[in-house]
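Welcome to the tour. Keep your viewer open and your selection tool ready, and we will go from stop to stop together.

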Amino acid sequence: MLKYRKISQFILLIAGVSMMSYGAVRGEATVVLSKAIKLCLECVGIG
């Protein structure tokens, strides 16, 4: 049972890292950061 849990954790880790890398290559990090900045400025009342 523990062996299957370790294997599934490793597979999910690899899947997550690969998806994050793919998004970074596409330039999605810039889009997400700009949206986060706009949201924070709206919450504070500046934007």
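Start by selecting valine 17, which sits in helix H1, the stretch of residues 2-26. Bear in mind as you look that this is a predicted model. Is valine 17 buried, exposed or partly exposed? Its relative accessible area is 47%, so valine 17 counts as partly exposed.

How far apart should its ends be? With 25 residues at 1.5 Å a residue, H1 should span 36 Å, and the distance between its end C-alpha atoms is 36 Å, in agreement.

Walk off the end of H1 and you come to glycine 27, which follows the helix and has a positive phi, near 90°.

Then show the side chains of arginine 26 and glutamate 28. They meet in a salt bridge, with 3.6 Å from N to O. Side chains of opposite charge can pair when their charged atoms come close. The structure holds 1 salt bridge. As for the two partners, arginine 26 is exposed, at 53% relative accessible area, whereas glutamate 28 is partly exposed, at 32%.

For the next stop, look for disulfides: how many does a search of the whole structure find? The count is 0. Select cysteine 40 to see this for yourself: it takes part in no disulfide, and the nearest cysteine sulfur, belonging to cysteine 43, is 6.3 Å away. Cysteine 43 itself is exposed, with a relative accessible area of 65%.

Finally, zoom out to the whole protein. There are 2 helices and 0 strands, and the C-alpha trace spans about 55 × 25 × 5 Å along its principal axes. Of the 47 residues, 2% count as buried. The protein exposes about 4,500 Å², and carbon and sulfur atoms supply 73% of that area.

How values were computed: Residues are numbered from 1 along each chain as its sequence is written. This is a predicted model: local features need pLDDT of at least 70, side-chain atom pairs count only at pLDDT 80 or more; totals for chains, interfaces and linings use all residues. Side-chain values use heavy atoms; hydrogens and water are left out. Helices (H or I, at least four residues) and strands (E, at least two) are DSSP runs, numbered from the N terminus. Buried means under 20% relative accessible area, exposed over 50%, partly exposed in between (1.4 Å probe, protein chains only). Accessible areas come from the Shrake-Rupley method with a 1.4 Å probe; for residues, only the protein chains shown count as cover. The expected span of a helix is 1.5 Å times one less than its number of residues. A salt bridge is a side-chain nitrogen of Lys or Arg within 4 Å of a carboxyl oxygen of Asp or Glu. A disulfide is a pair of cysteine sulfur atoms within 2.5 Å.
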